Amino acid sequence: MFGTEDEQDRLIKLKEINQAWLMRQPDIHGVSVGLNASANVVLRIFASHLDPERRSAIEARFAGAPVEWEVVSDIIADI
């Protein structure tokens, strides 16, 4: 099950609306729309060192949308 086009469109719009805010949050490294292990469309948030309280606050911002978390190492640019 890949989700309907309406669901995909809804998640893409949520991502676009909230991406700038999300990227200003500590320990957040990215956000995308993709498929989970069950082939359902989800918002995937890439984060490191995320405490449960902040995670809950971020999930609340997405108002019941399916969110999955991907733990990543800190990303450091080599300039």
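These notebook entries record what I looked up in the structure above.

**Ground rules.** I am working with a predicted model, in which local features need pLDDT of at least 70 and side-chain atom pairs count only at pLDDT 80 or more, while totals for chains, interfaces and linings use all residues. I number residues from 1 along each chain as its sequence is written, and the side-chain values I quote use heavy atoms, with hydrogens and water left out.

**Overall layout.** I began with the secondary structure and found two helices and three strands in the protein chain, following the pattern α-β-β-α-β along the sequence. Helices (H or I, at least four residues) and strands (E, at least two) are DSSP runs, numbered from the N terminus. I then looked up burial, where buried means under 20% relative accessible area, exposed over 50%, and partly exposed in between, with a 1.4 Å probe and protein chains only. Of the 79 residues of the protein chain, 30% count as buried. For contacts, meaning heavy atoms within 4.5 Å, I noted that among those between residues at least 6 apart in sequence, 48% join residues at least 24 apart.

**The core.** I next turned to the largest nonpolar core, which has 14 residues; such a core is a set of buried Ala, Val, Leu, Ile, Met, Phe, Trp, Tyr and Cys residues joined through side-chain atoms within 4.5 Å. Among the residues with the most contacts inside this core I listed Leu-22, Ile-28, Leu-43 and Trp-69. Helix H1 (5-23) and strands E1 (28-35), E2 (41-47) and E3 (67-71) are the elements that give two or more residues to this core, and E2 gives the most, with four residues.

**Asn-36.** I located Asn-36 in the loop between E1 and E2 and noted that Asn-36 counts as buried because its relative accessibility is 16%. Polar contacts here are pairs of N or O atoms within 3.5 Å; within protein, one must be able to donate a hydrogen and the other to accept it, and residues adjacent in sequence count only if both atoms are side-chain atoms. Polar atoms of the Asn-36 side chain lie 3.0 Å from the backbone nitrogen of Ser-38 and 2.9 Å from the backbone nitrogen of Asn-40.

**Arg-44.** I found Arg-44 in strand E2, and Arg-44 is buried, with a relative accessible area of 15%. The side chain of Arg-44 reaches the backbone oxygen of Leu-35 at 3.2 Å. Leaving aside neighbours within four places in sequence, I recorded Asn-36, Glu-68 and Glu-70 among the residues in contact with Arg-44.

After H2 comes Ala-63, whose phi is positive, near 45 degrees. I also found the charged end of Arg-61 over the ring of Trp-21, 4.1 Å from its centre; a charge sits over a ring if NZ of Lys or CZ of Arg is within 6 Å of the ring centre and within 35 degrees of the ring normal.
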